[in-house]
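Subject: Two-chain model for you to look over

Hello,

Here is the structure I promised to pass on. Please open it next to this message and read the two together.

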Amino acid sequence: MEKKYTISIYTENSVGLLNRVSAIFQRRHINIESITSSASEIEKVSRFVIVVSLSEEAVKKVVGQIEKQIEVIKAFYHTDEETIFQESALYKVASKSLFEERHIQNIIKNSHANIVTVNTEFFVIEKTGFRHETEQLYSDLAPYGLLQFVRSGRISVTKSPMNIKALLTRLND
Amino acid sequence: MTSKKNITGSEALIHCLLEEGVDLIYGYPGGAIMPFYDELYKFQDKLQHVLTRHEQGATHAAQGFARVSGKVGVCVATSGPGATNLVTGIADAMIDSTPMVCITGQVPSHLLGSDAFQETDIIGISTPVTKWNYQITDVTEIPEIMAKAFYIARSGRPGPVLVDITKDAQFASFDFNYTPCTGVRSYKPVPKIKTTSIDAAAALIEKAEKPLIVWGQGVILGKAEAEFKAFVEQSNIPAAWTILGVSAIATDHPLNVGMVGMHGNYGPNMLTNDCDVLIAIGMRFDDRVTGNLESYAKQAKIIHLEIDPAEINKNVHADVAVLGDVKQTLPLLTEKVTAKPYTNWFAAFKKHDEIEFEKVIKNDLHPTKEGLTMGEVLKEINRASNNDAVIVSDVGQHQMIACRYARFSNSKSNITSGGLGTMGFALPAAIGAKMGAPEREVVAIIGDGGFQMTIQELGTIFQTQAAVKVVVLNNDFLGMVRQWQQLFFDKRYASTEMVNPDFVKIAEGYFLDAKRVTTREDLGSAIDEMMASDKPYFLEVCVEKEDNVFPMIPSGASVSEIRLS
């Protein structure tokens, strides 16, 4: 049975590793729903967060193949219930909408979105939350004309501890 | 630690190779790797370079060298087409876990990404087929990266590593210090052994009445032949092999029950679905071994001894996974097992062997028809080599026949392209095998199709005088494809008939001793003459055109649906 899994990968920060990791999915004809790469809590260690819909058996095998890569320190997979996760979205709207449509001001207020910048031409709203929340704001704003919209991939931390530091200390020994 | 003041990147590369104990490399020069070749010229007495006739040949030669010697094979090529020509050999080494380091030249770093002459993204191209790869643009990285490359290629489950070096990094100078790599923090080559897994495996074996061992190349890669033999003998369990595992123990060992897989022996395949405990040792349950997984050993408890955690439960669920290097895990298990007679179980193998002999082997090895069979050629090679040649086979019918009928007395003796099935593998691999084991007789068994994929390496044989014995089993067909067409495509022989040149004349064109055999009367003496030669020798044997290889598990069928005809 397919389910949404978040794969977290701690890696060395090296050129080409994204390619190596994404090739594992491509080869198995698995669609990556979102992918982000950033610094982690450990200096010089990167963290990938990849969201896929797979059976648990398939996700286990993929994680095994990911861990096999030389520069991968550790990979995990988790269900939504086991993680705290968010996405960010930016909405660019023409400024005249803000001044002309009283309703839009209520939308922004009610959605707990932030206004990042405002000028005479446009304003930019930022919303961080669950997918359904950023989607709700999208559909609320759409009637007023979205000049641009962009949403980040999922970022996620686990409820359970990740003992990567201890693991690295052990690996260094 | 070795130090050299102010040397070029090219010279540094050579010192790295020498530090790693390399004295033989295969390759092909070209623009972006010329600084390295220029330096090589000065080190000819320490580092022999074999010029193959195609970069693919260099990879297969390096593989043959590695497989027969247990050392890392090294090959070198230029950028662009030189690098892309390595890809088939790298993919082959990846799937067959062969330790190899490939060095490719690259356009100068300021031209990267500019579509420069002979620029190709070999890092991108080789990523899915390398254990690790790296592009060096800074000369000072050379020692550390090369040390890491060798460490990664040979440690744990071995594999190919590619290092791409820009031309400017080869020209630049720096102070060279070399320290061998002893570890990479994000890479754990050998998993820690869990003693509970050993206990659990021993408990399953203890209760077994019909246990079966299936071993693979992991035994050879782990240099665990002695430990494996001790385990087999101590447990008295029948042991079957995959084509990459064969030769880890002698063919005539009484507990060796033959080959599993698509063209394996009748007994071990049928009885896979009858055993109660299957002990898989250093093998990966390839589809050519298992057939349909839905009906593979479902009745059996599976014990899987394996170094690569990603192999556990990948194709077949392991009831007990024994992670670790088999050289360490096997002795722990051997201590805990006791021999049982398994009388009825052995009798079942014998019964199946008799059926296979009657239906298949008799006709292959002792044919009464006029045409020569591939099997009788192997039988003659066994006789003339005293069951102790290194057999290097290509891909197809002759390969399956070679693996089925070649008899081995020593390990690392069956060199073949197992996972990738690379036609054209054998001729260059045999060159590398001969150089990796000069004291041994190396016989390449090749079909007329595969021979023509790397036929130009006859030039390498002539130039190096590598005393390889090349046997082409010529049936004027792409035999294995033709066999499938006959059995599964109503004999529609689409593009499988070969109109071949005079192979003997071609070999003679390369100034090699060469002979053609077409009759049974001449076969034995021709093979004797070939084996007696201390030079390279080419022998073409014209065999029956439309013979088939049996037994056969049709693609996607169960191991117990194995066909004898």
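My notes follow, chain by chain, with the contact between the chains at the end.

Please keep in mind that this is a predicted model.

**Chain A: overall form**

Chain A has 173 residues, and 23% of them are buried. Its secondary structure comes to six helices and nine strands. The radius of gyration is 20 Å, whereas the globule rule gives 16 Å for 173 residues, so chain A is more spread out than a compact globule. Along the principal axes, its C-alpha trace spans about 65 × 35 × 30 Å.

Take the contacts in chain A with a separation of 6 or more: 75% of them join residues 24 or more positions apart.

**Chain A: the four-stranded sheet**

Four strands of chain A make an open sheet, ordered β2-β3-β1-β4. The pairing is antiparallel. From one strand to the next, the twist averages 15 degrees.

β2(A) is joined by six bridges to strand β3 (residues 45–54) of chain A, and the two run antiparallel. Within this pair, Ser38(A) has Arg47(A) in β3(A) as its bridge partner.

A helix also packs on this sheet: α2 (residues 56–67) of chain A. Helix α2 touches β1 (3–12), β3 and β4 of chain A. The direction of α2 makes about 165 degrees with that of β4(A).

**Chain A: strand β5 and its partners**

Next, look at strand β5 (residues 83–94) of chain A. Which strands does β5(A) pair with? Here they are:

- Strand β9 (residues 155–158) of chain A pairs with β5 of chain A in the antiparallel sense, over four bridges. Here Ile84(A) stands opposite Val157(A).
- Strand β7 (residues 122–129) of chain A pairs with β5(A) over eight bridges, again in the antiparallel sense. Glu87(A) has Gly129(A) in β7(A) as its bridge partner.
- Strand β8 (residues 146–151) of chain A pairs with β5(A) over five bridges, in the antiparallel sense. Tyr91(A) stands opposite Phe149(A) in β8(A).

**Chain B: overall form**

Chain B has 565 residues, of which 57% are buried. The secondary structure comes to 23 helices and 20 strands. Does the radius of gyration of chain B agree or disagree with a compact globule? It agrees: a compact globule of 565 residues would have a radius near 24 Å, and chain B has 24 Å. The C-alpha atoms fill a box of roughly 70 × 60 × 40 Å along the principal axes.

Of the contacts in chain B with a separation of 6 or more, 77% are between residues 24 or more positions apart.

Chain B is divided into three domains: domain 1 (2–178), domain 2 (195–348) and domain 3 (370–542). The C-alpha centres of domain 1 and domain 2 of chain B lie 37 Å apart. Six residues from domain 1 of chain B and six residues from domain 2 of chain B make the contact. On the domain 1 side, they divide into one nonpolar, three polar and two charged.

**Chain B: the six-stranded sheet**

Six strands of chain B form an open sheet with parallel pairing. The order is β16-β15-β17-β18-β20-β19. β16 (414–416) and β19 (513–517) of chain B are at the edges with a single partner strand each, so one side of each has no neighbour in the sheet. The twist averages 20 degrees from one strand to the next.

One pair from this sheet: strand β18 (residues 469–474) and strand β20 (residues 537–542) of chain B run parallel and are joined by six bridges. There, Asn474(B) stands opposite Cys542(B).

**Where the chains meet**

How many residues of each chain are in contact with the other? The contact involves 16 residues of chain B and 17 residues of chain A. By class, the chain B side has eight nonpolar, three polar and five charged residues.

Best wishes

Notes. Residues numbered from 1 in each chain as written. Chains lettered and ligands numbered in written order. Predicted model: local features only at pLDDT ≥ 70, side-chain atom pairs only at ≥ 80, totals over all residues. Domains from an automatic or database assignment. Contact = placed C-beta atoms within 7 Å. Nonpolar A, V, L, I, M, F, W, Y, C, P; charged D, E, K, R; others polar. Pairing = 2+ DSSP bridges. Axes fitted to C-alpha atoms, helices over the stretch in contact; angles between N-to-C directions. Rg over C-alpha atoms; globule rule 2.2 N^0.38 Å. Buried ≥ 20, exposed ≤ 12 C-beta atoms within 10 Å, placed from the backbone.
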